[in-house]
There are 2 protein chains.
Amino acid sequence: MANTHAPGAPHQEHHNSSSDFIKDVVIGMSDGLTVPFALAAGLSGAVSSTSLIVLAGLAEITAGSIAMGLGGYLAGKTELDFYNSELKREYEEVDTVPDEEKREVKEFFRELGLSSDVQDKAVEEITRDKKKWVDFMMKYELNLDEPDPKRARNSAFNIGGSYIVGGLIPLSPYFFIQHPTDALKWSVVVTLVCLFIFGFFKSRVTGINPWWGAVRVTLIGAAAAAAAFFVAKVFQ
Amino acid sequence: MANTHAPGAPHQEHHNSSSDFIKDVVIGMSDGLTVPFALAAGLSGAVSSTSLIVLAGLAEITAGSIAMGLGGYLAGKTELDFYNSELKREYEEVDTVPDEEKREVKEFFRELGLSSDVQDKAVEEITRDKKKWVDFMMKYELNLDEPDPKRARNSAFNIGGSYIVGGLIPLSPYFFIQHPTDALKWSVVVTLVCLFIFGFFKSRVTGINPWWGAVRVTLIGAAAAAAAFFVAKVFQ
């Protein structure tokens, strides 16, 4: 869930498949650990049998992993389609309105604060080669990086899979313990420990203080579970 | 959910509060319409009373909106903290290792494909003013834009609120209709219509074909609901 604007590790530009994988796992696992946990906790205060909680939990994990996985797939596909249609358009514009496009290149260097003389030289050198010119426009006028075509499918599996793994952790005590409130105690302990560990590593990857990050992630999970518990109690 | 790499509207750089608001609503509404819908659909095939489905649905909406809203808040805060710590570091580096930092500026212009002469002139002009220099490093070496400090809090409310609104739509028939499978029929009709309309407008915002986008969003919702339904049937 959450718009994870995960910044790269400190002072380094990451954009390789291993960092993409970690990002996907973080996205899937964050919600997988939190939402099924909170749903199960909410129902624990309101129903008398764990089998119902397992049922609702599995339905939620299925729904959530598909929504996130397919959602990630479509987001990736959309990004790729969008990139390709813009690329085509830039090639056309460079042919049909070259002066306008040159003006836009110049504008970029003007905004960097370069002198008029250097602006003109840079424009001349960049627009000499059409591919270089279009690549420049894609990246600096439109702020678009070329997406990896395989990324959408991989992302879907990584996010969906992480959601399932994350979601089965809080649900697992309900498989073995009959009384909901007993199972809830185990689920709380196991899940908060996992959220803490997960938050620790997630924070290290995103370059913030890992202890403080771990506390924050754990508190979100606890808050969601507590709120779901009280809402279910009220509407019981 | 889903890593929404929503590209801006065609050929325009959006980064204002109205596009941020729309992006938040899209993130919250996507999952709000899909996951509670699929959970309720899943339970409809497996339990005999709608009151239980309402209970699970409300617990899920609570959990999901908090996880997404707080998740969005923390992501925003993390982004801001990270930006500020990197900014401080760049100011230090510009003081302590200016030659290294100049080399990095030059590298940027080299990668644009400019001649050595223009590279040197550009470096000289940018590194003349310390603020301009650091701003340049933040944006083009580290790829970081200055985040809006209020964005984290607004984002939390927008995403969480949209999740609640989205989630109450598929759940609403279960409030009024006693038998789960009857309520499910209404929920399917109402939600698929809403997903289609939502998908249409979402696609217009992200610049892809709105009809095709609407079909894709609707199919994801239907797939998640169908899968949850069958999983719940199996584990009934």
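Tutor: Buried means under 20% relative accessible area, exposed means over 50%, and partly exposed is anything in between. Keep those cut-offs handy as we go through this predicted model.

Student: Why does Leu168(A) count as partly exposed?

Tutor: Leu168(A), which is found in helix H6 (residues 151-176) of chain A, has a relative accessibility of 35%. That value falls between 20% and 50%, so the label is partly exposed.

Student: What makes Leu168(A) part of a nonpolar patch on the surface?

Tutor: Patch members need over 30% relative accessible area, and Leu168(A) is at 35%. The patch also includes Ile164(A), Phe175(A) and Phe176(A), and together these residues and Leu168(A) have about 410 Å² of accessible area.

Student: Now chain B: why is Asp20(B) called buried?

Tutor: Asp20(B) lies in helix H1 (residues 17-44) of chain B. Its relative accessible area is 11%, which is under 20%, so Asp20(B) is buried.

Student: And how do you know that Glu101(A) has no salt bridge?

Tutor: The nearest side chain of opposite charge, Arg103(A), is 7.8 Å away. A salt bridge has to be within 4 Å, so Glu101(A) has none. Leaving aside neighbours within four places in sequence, its contacts include Glu90(A), Glu93(A) and Trp133(A).

Student: What does the model show over residues 183-201 of chain A?

Tutor: The unreviewed UniProt entry annotates that span as "transmembrane region". In the model the span is 100% helix and 0% strand, with its end C-alpha atoms 27 Å apart.

How values were computed:
Residues numbered from 1 in each chain as written. Chains lettered and ligands numbered in written order. Predicted model: local features only at pLDDT ≥ 70, side-chain atom pairs only at ≥ 80, totals over all residues. Heavy atoms only, no water. Buried < 20%, exposed > 50% of the residue type's maximum accessible area, 1.4 Å probe, protein only. Lys, Arg positive; Asp, Glu negative; His and termini not counted. Contact = heavy atoms within 4.5 Å. Patch = residues over 30% accessible without salt bridge, like charges linked within 9 Å, V, L, I, M, F, W, Y side chains within 5 Å. Areas by Shrake-Rupley, 256 points an atom, 1.4 Å probe, with all protein chains shown as cover. Helix = DSSP H or I, 4+ residues; strand = E, 2+ residues; numbered from the N terminus. UniProt positions renumbered as here; feature names shortened; annotations may be inferred.
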